[in-house]
Amino acid sequence: MSAPPPGLAAVEAGFAARARLRLVEPALALVAVACFFAFPDRHLLMAEIAVLALFALSLDLILGYAGIVSLGHAAFLGLGAYAAGIVAVRVTPDPLLGLAAAGIVGGLAGLATSPLVLRGADLTRLMVTLGVALVMGEIANRESWLTGGADGLQGIAMGPVLGFEFDIVGRVANAYALAVLVVLALLARLVVLSPFRASLVAIRDNPLRARAVGIPVNRRLVAIYGLSAAYAGVAGGLLCQTTQFVSLDVFGFERSADVLLVLVIGGTGWLYGGLVGAVLFKLLVDALSSLTPQYWHFWIGLILVVLVLVGRDRMRDGARRLVGRLGPPRTAP
Amino acid sequence: MDRRLVLAAALGLAAAAALPARAQEVAKIGLILPMTGPFASTGKQIEAAVKLFQARNGDTAGGRKVQVILKDDGGTADVTKRLAQELIVNDKVVAIAGFGLTPLALAAAPLATQAKVPAIVMAAATSTVTEASPFVVRTSFTLAQVTVPMAEWAARDGIRKVVTLVSDYGPGIDAEKAFTEVFTKAGGTVENLRVPLRNPDFSPFLQRAADAKPDAVFVFTPSGVGAQFMKQFVERGLDKGGIRLISTGDVVDDDILNDMGDAALGVVSTHHYSAAHDSAENKAFVEAFRKAAGFRPNFMAVGGWDGMQALYAGLDATKGQGGQALVDAIKGTTWTSPRGLLTIDGATRDVVQSVYVRKVERKDGELWNVEFGSSPAVKDPVKAAKAP
């Protein structure tokens, strides 16, 4: 992007070139499908990874591309989860309708709270987002006639998704979660490879200057915040539907913190950071907590510190060089 | 052919043939506990008790070797559910057990029904848990079960006016309801206050309680928060104002009682277990537990111990079979636990046990909940009221 301003045609050609599907992307999907068949006894873990990856992707939309830090992204995850759960209990057991409701509720909540987030700098945003999540959690606790309160929402029974019943091994849950992740990742791909993203990155890097060149800063931020919240809502809906249970911990601070960790591991500002981070994080947690159920937090902490201090950049550069030969979309400037 | 090769092949074949047979012999039990996070103390107590049980009673029951697989859910319901599902599907466990909190038990209950695998609840104490699945068996207690005797004792002891102060969530509300109902029926008056569950600051509520000038304050907080409450109770000077403190045993939890100091002296509480319970079984249990784990067992530990007792008794009766047969075998079982006589109700699969009235006293330099009264064979009042 440092080249002198080219003609309009060249810019459009540039965006078109970015948007072409790279070899590595169908390869990733193939790996996911291969894992589905290769590990028939880990379907549930894979479904959990898919949900976390989607959640991380949603946070990356605002953190990586628009530079909005959040410590309370679980607010939208939780809203989506409760929306999907309440739809299943009171309206219809159809998963797709529930998922749509989760996305809509999450998105609306994102739009409604975006004025709060647009004000202030990073520290203010951290506090405000944290506060929003706490308030949501307390409302869910209070309105127990609707949410089941501290006992969790009872009686969620999902209907079949496109004719497939959810089974105890988790095959359908896993396939469903992976499919939703792929569809939404492709959608996000359209967004992050568009001129819209370019304007967001400009805002992230220098909001004053972005405003000066005529980018409608607030409108763009509201749009991406709403989209991100909708994604988080869908992730929450998936979480609720694949586990058929919701309780207050969906609003928990740990959820917001974990998803930040996932992005720290996977890297922000590129589409697959959340995915890579989610896979690594979940596998690490699963392996360590099976080895030492009492002390795995220690090892996770240690590995994270080492990762951030010593190896992350080098590892990422290595991976980039490797992936670079296959030609991935380089969306980070 | 090379002799060594033949030998190796034969060995391999033998091992392959022996494997399924051996797998048949091992009865796996999936133990899902919060080993990390804010409820880690629950997990540590139960895990230590389960280990101790196996160390003292051997690791075979019903002719099968019993293997416990411990998993950490960190107190998060969807993780509990996934772990339960993986244990059932991949490890083919005969039973799942543990469940530190009500939502965790409720999350796993539908799986128990679906897979016909017994779920032994060793901690969660909301009344509804056993109704969530016909495969749930509880060896801990219910909040109403230990609250009703408190209300009865208070009424008998001449207390006329009580302010209740409970944590604002399921079990707290259960406790408030049970106490208020019984105590007002006995002619007393009650005022209800609820404190937020997370990061509670008791001072404003204690001030309101003091202003109401009651004879006693009845408190329920989840295990672990009691120490903080006690400190603020003394800071506000309520103990000197002649207001008595009565509570369920969760507040004066054996695990943290010693850290509360003299503030806790004289607190009267009702619960199903005190580490000071006077019986040979309990003395042996407490001594062995302290030696093995390095801390004092509390009511969570005894829930874990009795959960294993129920499983062993059930497996013995079914000759190692799981499923419906195991639940049926556990129903109606009676045994002498460190806490006293214990029965699993055949109809509700909930625990029937003595509830003791205790007072905090200092003995040998340590604080103990010393029992001075008891109500034998208390059923869960919530379910008893529903029964026809």
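**Ile32(B) stands opposite Gly98(B) in β4(B).** This close-up of a predicted model shows strand β1 (residues 26-33) of chain B beside strand β4 (residues 95-98) of chain B; the two run parallel and are joined by four bridges. Strands are DSSP runs of E with at least two residues, helices are runs of H or I with at least four, and both are numbered from the N terminus. Two strands pair if DSSP finds at least two bridges between them. Residues are numbered from 1 along each chain as its sequence is written, while chains are lettered from A and ligands numbered from 1 in the order in which they are written. In this predicted model, local features need pLDDT of at least 70 and side-chain atom pairs count only at pLDDT 80 or more, whereas totals for chains, interfaces and linings use all residues; side-chain values use heavy atoms, without hydrogens and water.

**Six strands of chain B form an open sheet with mixed pairing.** Across the sheet the order is β2-β3-β1-β4-β5-β6. At its edges are β2 (60-61) and β6 (136-138) of chain B, each of which pairs on one side only. Strands of a sheet pair through backbone hydrogen bonds, either parallel or antiparallel.

**Strands β14 and β15 of chain B form a hairpin.** The partners are β14 (residues 351-363) and β15 (residues 366-378) of chain B, which pair in the antiparallel sense over ten bridges. Within this pairing, Val357(B) faces Gly373(B) of β15(B). Two residues lie between the strands, and Asp364(B) in the turn has a positive phi of about 50 degrees.

**Helices α3 and α8 of chain A are roughly parallel to each other.** The axes of α3 (residues 43-63) and α8 (residues 171-192) of chain A come within 8 Å and cross at roughly 20 degrees. Axes are lines fitted to C-alpha atoms, for helices over the stretch in contact, and angles run from 0 to 180 degrees between N-to-C directions. Angles under 35 degrees count as roughly parallel, over 145 as roughly antiparallel, 65 to 115 as roughly perpendicular and the rest as oblique. The crossing of α3(A) and α8(A) is left-handed (the near helix is turned anticlockwise from the far one by less than a right angle; clockwise would be right-handed). Among the residues in contact are Ala50(A), Leu54(A) and Leu57(A) of α3(A) and Ala177(A), Leu181(A) and Leu184(A) of α8(A). By class, the contact of α3(A) with α8(A) has 16 nonpolar, two polar and one charged residues (Ala, Val, Leu, Ile, Met, Phe, Trp, Tyr, Cys and Pro are nonpolar, Asp, Glu, Lys and Arg charged, and the others, Gly among them, polar).

**Helices α3 and α12 of chain A are roughly perpendicular to each other.** α3(A) packs with α12 (residues 253-266) of chain A at an angle of about 80 degrees, and their axes are 9 Å apart. From α3(A), residues including Leu52(A), Phe55(A) and Asp60(A) meet residues of α12(A), including Arg255(A), Val259(A) and Leu263(A). The contact of α3(A) with α12(A) has nine nonpolar, no polar and two charged residues.

**Helices α5 and α11 of chain A make a right-handed crossing.** The axes of α5 (residues 95-118) and α11 (residues 217-243) of chain A come within 6 Å and cross at roughly 145 degrees. The contact of α5(A) with α11(A) has 13 nonpolar, twelve polar and no charged residues.

**Gln85(B) is buried and touches residues of chain A.** Gln85(B) belongs to helix α3 (residues 77-89) of chain B. Its relative accessibility is 6% (under 20% is buried, over 50% exposed, and in between partly exposed, with a 1.4 Å probe and protein chains only). Apart from residues up to four places away in sequence, Gln85(B) touches Leu44(A), Asp167(A), Ile168(A), Val169(A), Gly170(A) and Leu111(B); contact means heavy atoms within 4.5 Å.

**Ile303(A) is partly exposed, at 31% relative accessibility.** This residue lies in helix α14 (residues 296-326) of chain A. Leaving aside neighbours within four places in sequence, Ile303(A) is in contact with Leu284(A) and Leu288(A). The C-alpha atoms of Ile303(A) and Leu284(A) are separated by 9.4 Å, and the residues are 19 apart along the chain.

**Leu162(A) and Lys213(B) have positive phi values.** Leu162(A), although not a glycine, has a phi of about 50 degrees. Leu162(A) sits in the loop between α7 (144-147) and α8 of chain A, and counts as exposed at 71% relative accessibility. Lys213(B) has a phi near 45 degrees and lies in the loop between α7 (203-211) and β9 (216-220) of chain B. With 65% relative accessibility, Lys213(B) counts as exposed.
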